[in-house]
Structures are given as structure tokens and as C-alpha cells.
Amino acid sequence: MPELPEVEALVRFLDDRATGRTVVAADVAQIAALKTFDPPVTALVGGTVAGARRHGKWLDLAVSPSTAPPGAHGAADDALHLVFHLARGGWLRWSEKAPTTPVRPRLGGGGGGKIASLALRVRFDDGSGFDLTEAGTRKRLAVHFVRDPAEVRAIETLGVEPLDPAFTPEVLAGLMAARNQQVKGLLRDQSSIAGIGNAYSDDILHAARTSPFKLTRSFTPDEVARVHAAVGEVLGEAVAASSGRPAAELKDAKRSGMRVHGRTGKPCPVCGDTVREVSFADRSLQYCATCQTGGQVLADRRLSRLLK
Ligand SMILES: [Zn+2]
């Protein structure tokens, strides 16, 4: 699933390419992906893209409607927002020459397995455009078309942006003290810190030399500061590495740039120990025992549950 760095790069790409363009077509292919009905997606047509921005892992394309009074173009107040979350198998595919073949709306999944199926297509007046696609059979791609992004509850309840100056070590300390939980869970909790998911939380905890299961209230101020610094370092490097890349390259950039996430069995880039994995029902985490747990091997959660 794309996380903050990839979404930030996609947003910059989209802002750069689409701002000022007029929407000539907006077609929903996967009816279940569209979570709102008012305004209708057809209200995008004739509108001018005012810009793109990010909220956590959400992308927000602002479009000033064609019916806006003269002089109101670019004003954020009257803009409509196409807000979407790419979920696990979702992606944005940019085309300089978007297909003009009619899009057939469907109710069912379709395109199961690894082949991505079209969910939404937007075309611009210069022939360019983008497809929102989703691979896999469990459809989770969420597209909202709203007057205000805050109408989307998951956006309204987002926590602090981790690359924002407002995210200080004190703020992190407050979040860690608020509820005693595994630090990995806190980092992934969108209502506490926005934009970090399973992949970057693994790498942040590796950079902070911290066990993913360490309870947040057991951290010393120095350890909190180390996690805080690791958040900025890991996300900052990933944003720098991915920005300016075309959308199509971002997924591979993420894969090749990770320290421990998705690298089970490979050597830790810091100490050379083997990267280990803890499996859960629907996901897994990776860590280095030497760097993060004082050499202790963490129990596999699936197995240990079976053994009880
Ligand atoms: Zn290591």
C-alpha cells in the first residue's frame, strides 16, 4: 500500500501535470469504489484543476467547477474535491494520451488476482489523464467526491502530519503516554500520526533500534527522541528519493529503498544479521533482532496462537 512518501510524490506529480487543465471526462468504472453520490462525479467535467494535495495517505485533487462565477477560479472555497485512498492494491496510472474508449461501469470486482482493474478514469483537455486502478479481489479503493475534504471522516480524524514542524518530540511523547500500546501500533494509527503504514513503521523502528512490540509508556525521553528522529529521517529520505519520479516508478522505488520491510531472510543493511519476520493473519512485519531486540527472536503470532 502506498504510504506518505509515495502519496506525496504522486500528489506532487499530479499537481505539476494537472493543475490548470480542464477536465473533459470523469468516468466511474468500479461503482463500489465511489463512496459518495452528491455531487455527482460528472460535476468534474468542465472544471479546472486548482491543485493537488495530500492528507495522510489520501490524495486530494481540487477542481474549480465550470459554474463558478468569473474571478472565482482557483479559489479553494468553491472547489470540489476528488479525494481518494489507494488501499493495498490501488494505484494511479498517468497517461500522456489517455484512452478515449467508453468506460463501462460495473458492480462486481472483475480483474481479480494480480491484474489491476480500472476503477475511475479522468481525462484532461490536452489528451492526458489518469486511471485509478486496483489489483486483487478484495476491493478497498475508496473514492470520495466532496465539497470539503473534511466531509470524509477518515480525513477529518487524521492525526498530526509527521513531516510537519508541529510534530515535535513533545507531541510524540504525549501520544505515547496517552495510551499504553505497542509502538508499531501507534505509528500506524492514522488518528494519531497520519500517513505511516506497515512498511515505513518497520523501517522507522529499525532506524530507532526499537522492538515493534515495545510498549509506548515504557520509553525513556531519549528513546522517544530516537523514534522521533527516525520518523523524520526515514520519511524524509523516502520523500526525497521518490519525488520527481514518474508515478509508474514509485512502487519499485519503495521496494528497493526499504531497510528491513519486505526483506525477510536478507541481510540487515546496518549489522548484516538476517532480517526476521513476524506473521499475522493478513500481514507481516520485519525487524532485525541484533539492531532492535537485543538479539531476542520475536514469536510468530500465528504459530503462538495455535500453540495455546
Ligand atoms: Zn541489524
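Is Cys 291 buried or exposed? Cys 291 is buried, with a relative accessible area of 14%. This residue is one of the protein donors of a zinc ion. The model is predicted.

**Zinc site**

- Four cysteines supply the protein donors of the zinc ion: Cys 268, Cys 271, Cys 288 and Cys 291, each through its SG atom.
- These donors lie 2.2 to 2.4 Å from the zinc ion.
- The four donor atoms subtend angles of 98 to 114 degrees around the zinc ion, so the arrangement is tetrahedral.
- Along the sequence, the donor residues follow the spacing C-x2-C-x16-C-x2-C.
- Cys 268 and Cys 291 link distant parts of the chain, 23 residues apart.
- Cys 268 sits in the loop between helix 7 (250–257) and strand 9 (276–279), while Cys 291 belongs to helix 8 (residues 289–292).
- Cys 268 is buried, at a relative accessible area of 4%.

**Nonpolar cores**

- The largest nonpolar core has 36 residues.
- Leu 82, Phe 84, Phe 130 and Leu 132 touch the most other members of this core.
- Helix 1 (residues 4–18) gives the largest share of this core, seven residues.
- A second, separate core holds 25 residues, including Leu 4, Ile 193, Ile 196 and Val 231.

**Helix 1**

- Helix 1 has 15 residues, which should span 21 Å at 1.5 Å a residue.
- The end C-alpha atoms of helix 1 are 20 Å apart, which agrees with that expectation.
- Helix 1 is mostly covered, with 11 of its 15 residues buried.
- The buried residues of helix 1 include Leu 4, Pro 5, Glu 6, Val 7 and Glu 8.
- Ala 9, Leu 10, Val 11, Phe 13, Leu 14 and Ala 18 of helix 1 are buried too.
- Just after helix 1 comes Gly 20, with a positive phi of about 90 degrees.

**Helix 6**

- Helix 6 (residues 221–242) has 22 residues.
- From first C-alpha to last, helix 6 reaches 32 Å, close to the 32 Å expected at 1.5 Å a residue.
- The buried residues of helix 6 are Glu 223, Val 224, Val 227, His 228, Ala 230, Val 231, Val 234, Leu 235, Ala 238, Val 239 and Ser 242.
- Gly 244 follows helix 6 and has a positive phi, near 90 degrees.

**Backbone features**

- Most residues other than glycine have a negative phi, and most peptide bonds are trans.
- The peptide bond from Asp 38 to Pro 39 is cis, with omega near 0 degrees.
- Pro 39 lies in the loop between strand 1 (23–28) and strand 2 (48–55).
- Ala 87 is not a glycine, yet has a positive phi of about 50 degrees.
- Ala 87 sits in the loop between strand 4 (80–85) and strand 5 (90–95), and is buried at 3% relative accessibility.
- Arg 209, also not a glycine, has a positive phi of about 55 degrees.
- Arg 209 is in the loop between helix 5 (198–207) and helix 6, and is partly exposed, with a relative accessible area of 47%.

**Two residues in strands**

- Ala 26 is in strand 1 and is buried, with a relative accessible area of 7%.
- Ala 26 and Leu 120 are 94 residues apart in sequence, but 7.3 Å apart in space, C-alpha to C-alpha.
- Leaving out neighbours within four places in sequence, Ala 26 is in contact with Val 41, Leu 44, Val 45, Arg 121 and Val 122.
- Glu 277 is in strand 9 and is partly exposed, at 32% relative accessibility.
- Glu 277 and Thr 264 are 13 residues apart in sequence and 5.9 Å apart in space, C-alpha to C-alpha.
- Apart from neighbours within four places in sequence, Glu 277 is in contact with Thr 264, Ser 284, Leu 285, Gln 286 and Tyr 287.

Key. Residues numbered from 1 in each chain as written. Predicted model: local features only at pLDDT ≥ 70, side-chain atom pairs only at ≥ 80, totals over all residues. Heavy atoms only, no water. Core = buried A, V, L, I, M, F, W, Y, C linked by side-chain atoms within 4.5 Å. Buried < 20%, exposed > 50% of the residue type's maximum accessible area, 1.4 Å probe, protein only. Helix = DSSP H or I, 4+ residues; strand = E, 2+ residues; numbered from the N terminus. Expected span 1.5 Å × (residues − 1). Donors = N, O, S within 2.8 Å, 3.2 Å for Na, K, Ca; no water. Tetrahedral: all angles 85-135°; square planar, octahedral: opposite > 155°, others 65-115°. Contact = heavy atoms within 4.5 Å.
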